[in-house]
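Here are a few friendly notes to read alongside the structure. Take them one at a time and find each place in the 3D view as you go.

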Amino acid sequence: MKANYHTHTARCNHATGTDEAYVQAALDAGFETLGFSDHAPWPFASGYISGIRMGMDELPDYIQSVRSLQQKYADQLPIHLGLEAEYYPRYHDHLLRLREMGVRYLILGQHQVDSEEDAPATCIERRTEDGIRRYAEAVVRGIRTGLFVCVAHPDLIMTQPDLPLTPAGEEAADMICQAALEAGIPLEYNLLGVRSQLEGERRGYPSQAFWERVKRHGNTVILGVDAHSPDQLRDPRPWTLALEQTRALGLPLTEQLHLPS
Ligand SMILES: [Zn+2]
Ligand SMILES: [Zn+2]
């Protein structure tokens, strides 16, 4: 079973390709389940307009487009409608509304500690020990809502893939692992990070030290392509390498997410 629940669309302004091209790429690559989880739009109270996600006005088209692909490809590929969202306590009700609008699942991709409108730079605070702790607290708050089906790139705060965790990094890893265990949701081994390491760009994740710690906690792990282009779904190299890496670490992999009905 080859499943990917972490797929973006061009609406986020940093992905390319038509929605249907992602479906065709998934079929070409032998995926048996495809979930769309583009970056969630937020009704920012300040009027801030994000450059890295769809606007609220684009959400109906996203929902409609995924639904029509579900119908068109019903015989070939199960397609699920999701979003990747941060957890911002002040916008808790917005996540509930997204679910009411038909978004079946949410993956927790925490890119800012609190609302992007206050601090648009992604995880700017991760560079300090205190920032890492506050980041982990934000992730844990999100997990504990029970609104999310997995944690995307839980090691986003780790900036160097081969370095040991700092004391705050160890605390953060333990907090996130423990909360995910209690919630019964898997942690995502992120293939965008694997790809960047293959290409020499060296994103900080996946962090070997982080995943060794995950192994000790006993969390279940799922691979996520985090596709920002159809070709990233088609390319077998990051998938194969991630399988090798997670097997070498002895991480228990799951292929399926438990989606709310
Ligand atoms: Zn993205
Ligand atoms: Zn993503």
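1. Let us start with histidine 228: is this residue buried or exposed? Its relative accessible area is 10%, and the cut-off for buried is under 20%, so histidine 228 counts as buried. Please keep in mind that this is a predicted model.

2. Histidine 14 sits in the loop between strand E1 (3-4) and helix H1 (19-28), while histidine 228 sits in the loop between strand E7 (221-224) and helix H8 (230-234), so the two tie together parts that are 214 residues apart in sequence. Histidine 14 has 36% relative accessibility and therefore counts as partly exposed.

3. Now move to tryptophan 239, which you will find in helix H9 (residues 236-249). Its relative accessibility is 13%, so tryptophan 239 counts as buried. Which residues does tryptophan 239 touch, not counting those up to four places away in sequence? They are Lys2, Ala3, Phe31, Leu191, Leu223 and Val225. For a sense of scale, phenylalanine 44 is 195 residues from tryptophan 239 in sequence, and their C-alpha atoms are 35 Å apart.

4. Buried residues in H4 include Ile132, Tyr135, Val139 and Ile143. The buried residues of H4 pack against strand E4 (105-108), strand E5 (150-151) and helix H5 (167-183). Just after H4, look for glycine 146, which takes a positive phi of about 75 degrees.

5. Finally, follow H5 to another partner. Two packed helices are described by the angle between their axes and the distance between the axes. For H5 and helix H7 (residues 208-217), the angle is about 40 degrees and the axes are 10 Å apart, which makes H5 oblique to H7. The crossing of H5 past H7 is right-handed. Where they meet, H5 brings Glu170, Ala173, Asp174, Cys177, Gln178 and Leu181, and H7 brings Phe210, Arg213, Val214 and His217.

Terms used:
Residues numbered from 1 in each chain as written. Chains lettered and ligands numbered in written order. Predicted model: local features only at pLDDT ≥ 70, side-chain atom pairs only at ≥ 80, totals over all residues. Heavy atoms only, no water. Helix = DSSP H or I, 4+ residues; strand = E, 2+ residues; numbered from the N terminus. Buried < 20%, exposed > 50% of the residue type's maximum accessible area, 1.4 Å probe, protein only. Contact = heavy atoms within 4.5 Å. Axes fitted to C-alpha atoms, helices over the stretch in contact; angles between N-to-C directions. Parallel < 35°, antiparallel > 145°, perpendicular 65-115°, else oblique. Left-handed = near helix turned anticlockwise from the far one by under 90°.
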